[in-house]
Amino acid sequence: MHPKPNQTIVFDHVVTNTGGKFNSKTGVFTCPIQGVYAFSWTVYCSNGGYLISELVVNSRSVGDMLCSGQGDDNIRHTSSVAVVELNEGDRVYVRTHPIAVLNGVLWSGPIYLSSFSGWTIF
């Protein structure tokens, strides 16, 4: 995908979705119960390209990362983790940075698998 600023990244290949609270059509996880959660996301970007992604709770950014393939001859990836306290009904998703300039392609496929995961800590 060629992402634009402030675009939700939709992770549509679901491996595990216990409780069914992740929507693979929108890319949004809806918190079922109040608690502390950990989220991890990995994105692959094209060689020569870069993008900034962020983990969002409702409309608030709680973590971000830069994936840069600049100066490289191959696709690059970056991962990040954020631990957040959520309330029932909070919505969590990954998006591209709302104002950062993006250059390149976000990759995901059998070999380069961009991913999003989360789990309850307590």
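**Core**

I started with the largest nonpolar core: of its 23 residues, Phe39, Leu86 and Phe116 touch the most other members. The elements giving two or more residues to this core are β3 (35-45), β4, β5, β6 (76-86) and β7. I noted that β3 gives the most, with five residues. The model I am reading is predicted.

Next I listed what Leu86 touches. Leaving out residues up to four places away in sequence, I found Phe29, Cys31, Ile33, Gln34, Gly35, Tyr37, Phe39, Val57 and Val92.

**Strand β3**

How many residues of β3 are buried? Eleven of the eleven are, so β3 is largely enclosed by the rest of the structure. I then sorted its residues by direction. Gly35, Tyr37, Phe39, Trp41, Val43 and Cys45 point one way. Val36, Ala38, Ser40, Thr42 and Tyr44 point the other way. Both sets are buried.

I looked up the pairing of β3 strand by strand. Eleven bridges join β3 to β6, and the two run antiparallel. There, Trp41 has Ser80 of β6 as its bridge partner. β3 also pairs with strand β9 (residues 115-120), antiparallel, through six bridges. With strand β8 (residues 106-107), β3 pairs in the antiparallel sense over two bridges. Cys45 stands opposite Leu106 of β8.

**Aromatic rings**

I counted seven aromatic pairs. One of them is Phe29 with Tyr37, a tilted pair with 6.1 Å centre to centre and 55° between the planes. Phe29 and Tyr37 are both buried.

Which residues form one aromatic cluster? I have Phe11, Phe22, Phe29, Tyr37, Phe39 and Phe116. Phe39 and Phe116 were already in my notes on the core, among the residues that touch the most other members.

**The open sheet**

I traced an open sheet of five strands, in the order β1-β2-β7-β4-β5, with antiparallel pairing. β1 (22-23) and β5 (60-68) stand at its edges with a single partner strand each, so one side of each has no neighbour in the sheet.

I checked one pairing in detail. β4 and β5 run antiparallel and are joined by eight bridges. Tyr50 stands opposite Ser68 in β5.

**Glu54 and Arg95**

Then I searched for salt bridges. The count is one. The salt bridge is between Arg95 and Glu54, with the closest N and O atoms 2.6 Å apart. Arg95 lies in strand β7 (residues 91-96) and Glu54 in strand β4, so the pair ties together parts that are 41 residues apart in sequence.

Is the pair buried or exposed? Both Arg95 and Glu54 are buried. For Glu54 I read 3% relative accessibility, so it counts as buried, the limit being under 20%.

Glu54 belongs to strand β4 (residues 50-57). Its side chain also makes a polar contact with the side chain of Ser61, at 3.0 Å. Beyond neighbours within four places in sequence, the contacts of Glu54 include Trp41, Gly63, Asp64, Tyr93 and Pro98.

**Positive phi**

Most residues other than glycine have a negative phi. Asn6 has a positive phi of about 60°. Asn6 lies in the segment before β1. At 42% relative accessibility, Asn6 counts as partly exposed.

Asn58 is another entry, with a positive phi near 60°. Where is Asn58 placed? I found Asn58 in the loop between β4 and β5. Asn58 is partly exposed, with a relative accessible area of 36%.

**His2**

My last entry is His2, in the segment before β1. With a relative accessible area of 61%, His2 is exposed. I computed its C-alpha separation from Val105: 4.9 Å, for residues 103 apart along the chain. Not counting residues up to four places away in sequence, His2 touches Gln7, Gly104 and Val105.

Conventions
Residues numbered from 1 in each chain as written. Predicted model: local features only at pLDDT ≥ 70, side-chain atom pairs only at ≥ 80, totals over all residues. Heavy atoms only, no water. Helix = DSSP H or I, 4+ residues; strand = E, 2+ residues; numbered from the N terminus. Buried < 20%, exposed > 50% of the residue type's maximum accessible area, 1.4 Å probe, protein only. Polar contact = N/O pair within 3.5 Å; in protein donor to acceptor, adjacent residues only side chain to side chain. Contact = heavy atoms within 4.5 Å. Phe/Tyr/Trp six-rings, centres within 6.5 Å; stacked < 30°, edge-to-face > 60°. Pairing = 2+ DSSP bridges. Salt bridge = Lys/Arg side-chain N within 4 Å of Asp/Glu carboxyl O. Core = buried A, V, L, I, M, F, W, Y, C linked by side-chain atoms within 4.5 Å.
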